[in-house]
Amino acid sequence: MSVMIIRENSNEWNNLLNKIEKSRVDFMDQEQLDNDKIKLEEKKKEMFQNDPIEEKYKKVRELKSNSFGKTLLVTDKITGSFFVLKRINAVGLVYAKMRNLIDPALPRIIYCGENKTFGITTVIEEYVNGITLSEWMKQRDLEPINDELAKMIFRQLASGLKTLHENNITHRAISPKTIMFTSKNVKFIVFDHAIEGNTYTSELSYKGLVGFAPPEQAVLGKADFRSDVYSLGMTMKNLLGTDYKGKYRKILEHCLASDPDERYQNGAKLKKAVQNAGMLPLNKIIAGAAILYVFVLAFLLIINTWFNPVKQLEAEQKFEQEQESARAEAAKIDMDKSVQGNGSEDNFTNAVNGLAKGRLGLSVAFPGRPQESGSDGVIVNMGKSSDLSGTADSGENSSVIFPGNAKLVLTIKNNTDRAIKNPVLTFIPYNIDLANIKDPSNTITKHLANSVECRRDVSIPRGSTMKFELPLGKAVVLNPAKNNAAIKAVLRSDNYADTAVKMKFNFQ
């Protein structure tokens with residue numbers, strides 16, 4: 001009995017000694033581990049202090065810190081510009097590749113360096129001054145956005161996703177929390193979980209953000225381009241509301257399909273769909289064109305039933321023949337002699353002439369002076385030439401200047417069956433110098449060798465009247481004593497023969 005007790009006590013003692021020894025060893029191991037951690041941190045600190053990045057940028061404040069790394073807001077010590085500095089506890093990230101990407105929806109990567117000894121990636125990227133879409137929606141009290149705002153956001157993000165996918169980058173973390181909203185645009189941020197490639201891996205990996213990751217990523221951690229399409233679709237649905245029925249409804253349904261094969265396969269296909277949103281499909285356009293064609297045929301059939309096109313054609317031909325005859329009469333007038341200013345009066349017609357078979361009425365007036373109609377136009381009695389400025393004492397070379405408020409008023413009366421298109425008025429002076437007159441307003445005025453041409457790009461409807469004023473305030477009358485001063489006005493249009501009227505000026 002005593003032997004058993006001693007043996008049992010001996011076993012307990014040995015067990016106790018073993019435990020004490022093990023605890024001592026564990027304590028020493030833990031102490032060594034703690035010492036190693038301290039040394040590692042000191043080496044990291046020494047490495048960062050010698051890093052050229054530390055010399056160029058100054059820390060402003062810490063934006064984020066977790067087991068994955070730190071994110072700091074920094075400024076360039078020389079320019080004062082703001083940037084984001086990231087120390088990420090991982091290597092082999094996509095930031096180095098993103099340095100070559102330029103897209104308004106992607107942040108600009110300034111610098112990317114890896115220290116594989118410590119497993120740390122250092123990134124300097126553009127500072128995006130704004131708030132996340134998640135924060136922005138909270139400010140809106142989660143009020144859904146309209147289609148116009150959705151168009152701006154969806155198009156920019158789809159374009160940015162296209163750029164990523166074309167460069168073989170999968171984001172894997174798209175949500176309202178990883179998209180910044182600025183005063184000008186929207187930008188993807190947080191590429192710490194992004195990977196290169198577009199194929200599922202056999203290993204489980206990052207499972208995305210809850211509520212925005214597609215089933216294959218949320219359950220298995222497997223993601224490719226189609227997973228990004230799903231996450232962006234879920235983000236837009238979050239902005240537009242669960243009851244959204246607008247023009248992007250079909251696109252969102254396509255993005256959020258459970259089966260990845262039923263989604264848009266990449267950002268390029270999604271961008272094309274977003275750009276074409278709201279446009280009619282080709283088959284509907286063809287169907288609409290066919291219906292319009294049938295409608296036009298039916299309309300023409302009805303018109304032909306009640307309207308005889310042959311009679312209309314005959315009437316138009318008769319009208320054109322009549323106008324051609326008028327043009328032939330107008331051609332008989334010796335316009336060259338008038339332009340040369342030879343003073344011949346045989347070329348003038350009546351105030352309302354017959355060049356267009358009475359279809360156009362043209363009359364002229366000179367306000368403020370007695371005037372009467374003569375056989376060759378309107379005669380204006382100007383009174384004594386000595387009462388006007390610029391009058392020489394005597395001799396044939398004397399001249400006078402019209403008063404400052406003098407003007408010629410031309411009235412065009414359209415008595416035709418059609419509108420007068422683009423009327424052009426040519427004023428041909430006889431023994432009058434029009435070089436210094438003020439150009440009429442609202443006209444295209446040309447001062448030719450011996451005449452003034454005024455064009456108005458308007459139409460005078462049938463039965464309507466248009467008045468035209470030609471300022472004569474600086475016009476000079478040469479040799480007023482001979483009473484051979486006159487102005488001939490010729491009306492020309494695109495669809496009627498020329499019509500002319502004359503005004504003579506007599507002096508005592």
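Let's start with the largest pocket, which has a volume of about 640 Å³. Its lining counts 24 residues, and the closest to the pocket centre are Leu63, Thr132, Met180, Ile189 and Val190. Keep in mind that this is a predicted model.

Which strands supply the lining? Strand 1 (57-66), strand 3 (82-88), strand 5 (120-126) and strand 6 (131-132) each supply at least two residues of the lining of this pocket. Strand 1 gives the most, with 3 residues. By class, the pocket lining splits into 11 nonpolar, 5 polar and 8 charged residues.

How many cavities of 30 Å³ or more does a search of the whole structure find? The search finds 1. The volume of the largest cavity is about 30 Å³. Its lining is made of Pro423, Val424, Leu425, Cys454, Arg455, Arg456, Met466 and Phe468. Strand 17 (424-430), strand 20 (452-455) and strand 22 (465-471) are the elements giving two or more residues to that lining. Here the classes are 6 nonpolar, no polar and 2 charged.

Now the helices. Helix 5 covers residues 147-166, and I'll take two of its partners.

Partner one is helix 9, residues 267-275. Helix 5 and helix 9 pack at an angle of about 160 degrees, and their axes are 7 Å apart. That angle makes helix 5 roughly antiparallel to helix 9. Their crossing is left-handed. On the helix 5 side, the contact uses Phe154, Arg155, Ala158, Ser159, Leu161, Lys162 and His165. On the helix 9 side, we have Gly267, Ala268, Leu270, Lys271, Val274 and Gln275. The residues of this contact divide into 6 nonpolar, 4 polar and 3 charged.

Partner two is helix 7, residues 225-240. The axes of helix 5 and helix 7 come within 11 Å and cross at roughly 165 degrees. Helix 5 and helix 7 are therefore roughly antiparallel to each other. Is this crossing left-handed or right-handed? The crossing of helix 5 and helix 7 is right-handed.

Helix 5 brings Ala150, Ile153, Phe154, Leu157, Ala158, Leu161 and His165 to this contact. Helix 7 answers with Phe225, Asp228, Val229, Leu232, Met236, Leu239 and Leu240. By class, the contact of helix 5 with helix 7 has 12 nonpolar residues, 1 polar and 1 charged.

One last point on helix 5.

Notes. Residues are numbered from 1 along each chain as its sequence is written. This is a predicted model: local features need pLDDT of at least 70, side-chain atom pairs count only at pLDDT 80 or more; totals for chains, interfaces and linings use all residues. Side-chain values use heavy atoms; hydrogens and water are left out. On a 1 Å grid over the protein atoms alone, a cavity is a set of points where a 1.4 Å probe fits but cannot get out, and a pocket is an open set with protein on both sides within 12 Å along at least five of seven lines; lining residues have an atom within 4 Å of a point. Grid points are joined across faces, edges and corners, and a volume is the space filled by probe spheres set on the points. Helices (H or I, at least four residues) and strands (E, at least two) are DSSP runs, numbered from the N terminus. Ala, Val, Leu, Ile, Met, Phe, Trp, Tyr, Cys and Pro count as nonpolar, Asp, Glu, Lys and Arg as charged, and the others, Gly among them, as polar. Axes are lines fitted to C-alpha atoms, for helices over the stretch in contact, and angles run from 0 to 180 degrees between N-to-C directions. Angles under 35 degrees count as roughly parallel, over 145 as roughly antiparallel, 65 to 115 as roughly perpendicular and the rest as oblique. A crossing is left-handed if the near helix is turned anticlockwise from the far one by less than a right angle, and right-handed if clockwise. Contact means heavy atoms within 4.5 Å.
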